[in-house]
Structures are given as structure tokens and as C-alpha cells.
Amino acid sequence: MTAKKRLGVTEAQTRQQLSSRALIIVNNVMLKYYDIVRQQGYSRTLEKSIDASRQKLAIVQAQQSVGLANNADLYQSQVDLNTQIQNLQAQQLVVDQDKTDLLTLLTLNPDSTIAVEDTILIDKNIQLASIISAVQTANPDVMAADQQITITQFIQKEVGAQRYPSLYVNGGYNYSRTKNTVGFSLLNLKLWPFCKRHAQHTIFNGGIYRRQGTDSRQSISRTPN
């Protein structure tokens, strides 16, 4: 009975661990989404810088045409514009890589084309007290840790039960079916029940079960709440 209960708790713990894995994936998707939004915002900033650099270059070219600017000013403006363009190209590579990572997390084709909009909805009804309470009642990692304590307690009971005399009963039916050739008996059926009992009592085992029980109690004390 204890082993059956332990199996049930182990199954529930596995489901909690699966839920934890799913939450980790959701968390990674959200982080990558927000990072793409941030990187795209930086790309727009670089685009505005390029527009400003082009306007500055146009102003310098106009000043040079009337003799108010030299070639050094013109070359510097062109270098600044080219630098901003290279920065934008490098930033676009960062955005494309983030989009590929997001598609990979979603198990989609990494070569797919997606558009990530700058739309982040905020739940204004979130309360800190409810979040703290949910950590103890709905967090799958915490629940899995609590279930591990229960599993260890069942293991301790099973180990302790091995120190006492035990009685095993095994029963069932034997079935035999025979069919012979022509000239002999064509069919012979046999069915008989059986029952076996086996008693066991350990006189001395070097304290193995006692040490196992002690290890189980220590494991429970070390398990985090």
C-alpha cells in the first residue's frame, strides 16, 4: 500500500516538474520577445541618427559650396554617416538573431519571417501578496519539493517495514489445453487453482535497514521547503 501511494505521489511530482519545464519555456519566450522589442527600439534610434548625419552632411556640403567649410569637415561628416550605417546593419543582425532564437523556442521554422510589435500589455491588478501566496501554493518547483519530502517519507516507511516479519500470499489458476491427432483424444482441458504462502523474518542483517532509515530521515531534513 505504501509503495502504491509513493508511486502516485511520484507521478504527481513528475507532472509538476513537467509544468515547471513548460513555465521555463514560457519565461524564455517572454524574455526573448521583450529583448527583440528593445533591440528594435535601438534600431529606430540608429535610424534617426542616420537621418541626422545625412542632414549634417548636406549642411556641410552647402557650407563648402559657399566657402564656409573645408574638406576635413566634409570627410568627417561622411565618416560619421558611414559609421552610423554600419552600426545599423550590425544591429539588424542582432535583431534577426533574436528572432531566430524566438522561433527556435517556439519550435517553428527558424527561417520564417515574423514581425514583433512593440505592444506590451501590463496587468494592473497584480498584487504582491497574491504573488507571494502563489509561490507556496501554485509554484510547481515548490510543490515538487514538497512531494519529494512525501516520497522520502514513504521510502522510510518501506525500509522500516522490512525489519518486521512478513507474510506473502500468492494465488492463481493453472490452465492446460491439449489437442491430439485423429485416433486419439482431440481435446484435453485442465484447470486447477493454487495458493502459496511464504513467511519471512530477518534475524540479523548487520543493521542495514536501520542505517537506511537514518539516511531517509536525514534526506527529509535536508530537503528545502
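Predicted model: local features only at pLDDT ≥ 70, side-chain atom pairs only at ≥ 80, totals over all residues.
1. Start with the charged pairs. The count of salt bridges comes to five. The points below walk through some of them, and then turn to a nonpolar part of the surface.

2. Take R15 and E11 to begin with. Their side chains meet in a salt bridge, at 2.9 Å from N to O. Both sit in helix α1, which covers residues 2-65, and they are four residues apart there, so about one helical turn separates them. R15 is exposed, with a relative accessible area of 54%, which puts R15 over the 50% cut-off for that word. E11, at 45%, counts as partly exposed.

3. Next, have a look at K32 and D98. What do their side chains form? They meet in a salt bridge, with 3.6 Å from N to O. This pair links two helices: K32 belongs to helix α1 and D98 to helix α2 (residues 71-105), so the contact ties together parts that are 66 residues apart in sequence. Is D98 buried or exposed? D98 is buried, as its relative accessible area is 7%, and anything under 20% gets that label.

4. One more thing about the charged residues: which of them join into one network? K32, D98 and D101 do, through salt bridges that share partners. So when you find the K32 and D98 pair in the structure, look for D101 as well, since these residues belong to one network by the salt-bridge rule.

5. Now for the nonpolar side of things. I126, L128, I131, I132 and V135 make up a nonpolar patch on the surface. Together they have about 470 Å² of accessible area.

6. Where is I131 placed? I131 lies in helix α3, which covers residues 128-137. With 42% relative accessibility, I131 counts as partly exposed, and that is over the 30% that patch members need.

Key. Residues numbered from 1 in each chain as written. Heavy atoms only, no water. Patch = residues over 30% accessible without salt bridge, like charges linked within 9 Å, V, L, I, M, F, W, Y side chains within 5 Å. Areas by Shrake-Rupley, 256 points an atom, 1.4 Å probe, with all protein chains shown as cover. Salt bridge = Lys/Arg side-chain N within 4 Å of Asp/Glu carboxyl O. Buried < 20%, exposed > 50% of the residue type's maximum accessible area, 1.4 Å probe, protein only.
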